[in-house]
Every structure is written in structure tokens, then in C-alpha cells.
Amino acid sequence: MAKKIKLNDKNTEFYEKIVELSGEQVALCDQCGTCSGGCPFIEEMDINPSEIMRKVMLGQKEVMDSRTMWICASCFTCTVRCPRELDVSKVAEALRQVKLRTAIDEINIATIPKEEAKKLPTIAIVGNFRKFTG
Ligand code: SF4
Ligand code: SF4
């Protein structure tokens, strides 16, 4: 028997925030799984793209503990294939924005060994600090 899930105000608030930031009508997702099936980065993700959509739809804030929104490379493979014309990468971007507003850094600059930092391309370092720090 199907389990009934009731949304409370907090679930709804989170869902509406992600819709507002992403511009995507997440509730239109019919969970077909096409996005997950074609994502080239799926093996690196702990939650697949269609699950991300489902959790956002249900207003489950815990979705932000997932690595997936950081792994999504905005390659748009899912976007061009989605039968509902939804853009999962925009949803991932919205989740990152909300997470970064909590000002909790995902990486600590001080933990990168100096010798390793010297070898990293500057653009990659700057790009990742912008993406992973609040
Ligand atoms: S392809 Fe589109 S409709 Fe299908 S699960 Fe992914 S986001 Fe939802
Ligand atoms: S945009 Fe993100 S979720 Fe979609 S296929 Fe590319 S990496 Fe996967």
C-alpha cells in the first residue's frame, strides 16, 4: 500500500525557495528517471538526479547533505532529454546557493598541501573556492 506523505510548512517553504531560485517547476517531474539514466557523472553521485527532484518536490532539506549537487557539471544532458523540459542542473545550482548561504564551507583552504596547491591550475582553485565556500 502506498505511503501517504504530508507536507508541512517547512517542507513547502523549502520547495518554494528552490523553485524560485531555479526557475524550474520541480513538481512537474514525473520521476521517469531519464535524467539519471543519461547522466555521465552518475557514478560519482550518492543520490541520482531524479531522486534529487523527488526530494525537492517533498521539501526534504536533507537533500542538501548529498554530494550530487556539487558533482553536477551542468552538462545539460538531462535537460535536453527530460520529457518535462526540466533542468536538473538549475535545481542543483539552487541547492548550492541555499547551502552556501548557510556559510558553511565545503572545503578548507588550509588543508590543501602547499606542494599540491602549487601544481593546481589557478582557475580551478578560484573556481572551486567560489563553488564550495560560503
Ligand atoms: S528526466 Fe525530467 S521528468 Fe524524468 S525524472 Fe528527470 S527531471 Fe523528472
Ligand atoms: S546537468 Fe548535472 S544532473 Fe544533468 S546530466 Fe549533467 S551532470 Fe548529470
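A: A residue counts as near a molecule if its C-beta atom, placed from the backbone, lies within 6 Å of that molecule. The model is predicted, so local features need pLDDT of at least 70 and side-chain atom pairs count only at pLDDT 80 or more, while totals for chains, interfaces and linings use all residues. Residues are numbered from 1 along each chain as its sequence is written, and chains are lettered from A and ligands numbered from 1 in the order in which they are written.

Around ligand 2 there are 13 residues, of which C39, C72, C75, C78 and S89 come nearest. Two or more residues of this shell come from each of α5 (77-81) and α6 (88-101); helices here are DSSP runs of H or I with at least four residues, numbered from the N terminus. By class, the shell around ligand 2 holds 10 nonpolar, 3 polar and no charged residues, where Cys counts as nonpolar, Asp, Glu, Lys and Arg as charged, and Gly as polar.

Ligand 1 has 15 residues around it, and C29, C32, C35, S50 and C82 come nearest. Here α2 (34-38) and α3 (49-57) each supply at least two residues. The shell around ligand 1 divides into 9 nonpolar, 4 polar and 2 charged residues.

Leaving aside neighbours within four places in sequence, V91 is in contact (C-beta atoms, placed from the backbone, within 7 Å) with I18, S22, E24, V26, I52, M53 and V56.

Methods. Two residues are in contact if their C-beta atoms, placed from the backbone, lie within 7 Å.
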